[in-house]
Amino acid sequence: MKTRRALILVDLQNDFVPGGALAVPEGDAVVPIVNRLQQRGGFDVIVATQDWHPRDHGSFAVNHRGRTPGEVVNLNGLRQILWPVHCVQNTRGAEFVPGLDITLVNKIFRKGTDPWIDSYSTFFDNAHRKSTGLDRYLKSRGVTDVYLAGLASDYCVKFSALDARKLGFNVHVIEDACRGVNLRHGDVDAAIEQLRGIGVEIVRSGRVLAASRSAGVKSVVRRARRKVVISKPVRICLCRGAAVK
């Protein structure tokens, strides 16, 4: 089978970089690396994702009386870490980081749109009740290998890599093109080791670019069509538990 590679840009949004509501340390430092990967990495498909929460999302601490960010609650039957309000639909915080080149992005996928459940993975919500459609999109284009870059290493990147492996892709995490939250000291290191343990390749951007050059891949700069957003995830299960009060 011919190898076809996809680059997935995970949640490179204003609220996740310094100055944002849920800033990942040095999150903005990955932008020039990601741009180089898009322009010179020779990828067959490039997609980007956005956290796209309604204002009443259940992962926001303010929507649980007396709770603060970092606490854990039961949300619709799942363990949920509470976060500050972030990436609210149609706000500046949810927009892509300035300087990120999205002209080469073929499609944008939005996640976390259901107020009753969070969605770390770019493929599914946290209970795997709904698909974002990313799996179907990649497979329809013959993708065999996915390369992940973005934010954050110990949450959305990690859970995307876990799902991608389960879905049958060869998975590569570009370590220097990611940054982590490290809510607890050592979270990022633990995430990397967990991914290595299931066969995910942890690689540096320089190696990806060098491999592209040595293979004689010529990156073609092409402008993606603008109407590319998946507006609604694909529902897998209609079950819903009781609200957390």
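## What covers helix α4

The buried residues of α4 are covered by elements that include α3 (156-166), β8 (170-179) and β9 (201-203). Helices here are DSSP runs of H or I with at least four residues, strands are runs of E with at least two, and both are numbered from the N terminus. This is a predicted model, where local features need pLDDT of at least 70, side-chain atom pairs count only at pLDDT 80 or more, and totals for chains, interfaces and linings use all residues. Residues are numbered from 1 along each chain as its sequence is written, and side-chain values use heavy atoms, with hydrogens and water left out.

Helix α4 spans residues 187-197, and its buried residues are D187, V188, A191, I192 and L195. They lie on the same side of α4, because they cover an arc of only 135° around the axis. That arc is taken from the directions from the helix axis to the C-beta atoms. Buried means under 20% relative accessible area, exposed over 50%, and partly exposed in between, with a 1.4 Å probe and protein chains only. D189 and G197 are exposed, on the face of α4 turned away from its buried side. After α4 comes G199, with a positive phi near 95°.

## Helix α1 and its partners

Helix α1 covers residues 31-40. V31, I33, V34, N35, L37 and Q38 are its buried residues. They pack against β1 (5-10), β2 (45-51), β7 (145-151), β8 and α5 (205-214). Contact means heavy atoms within 4.5 Å. G42 follows α1 and has a positive phi, near 65°.

How do the axes of α1 and α5 cross? They come within 10 Å and cross at roughly 15°. That makes α1 roughly parallel to α5 (angles under 35 degrees count as roughly parallel, over 145 as roughly antiparallel, 65 to 115 as roughly perpendicular and the rest as oblique). On the α1 side, the contact is made by I33, R36, L37 and R40. On the α5 side, S205, V208, L209 and S212 make it. By class, the contact has four nonpolar, two polar and two charged residues.

Most residues other than glycine have a negative phi, and most peptide bonds are trans. The peptide bond from L151 to A152 is cis, with omega near -5°. A152 sits in the loop between β7 and α3.

E26 is not a glycine, yet its phi is positive, near 60°. E26 lies in the loop between β1 and α1. It counts as exposed, at 52% relative accessibility. N90 also has a positive phi, near 60°. Its place is the loop between β4 (78-81) and β5 (107-111). N90 is exposed, with a relative accessible area of 67%.

Notes
Axes fitted to C-alpha atoms, helices over the stretch in contact; angles between N-to-C directions. Nonpolar A, V, L, I, M, F, W, Y, C, P; charged D, E, K, R; others polar.
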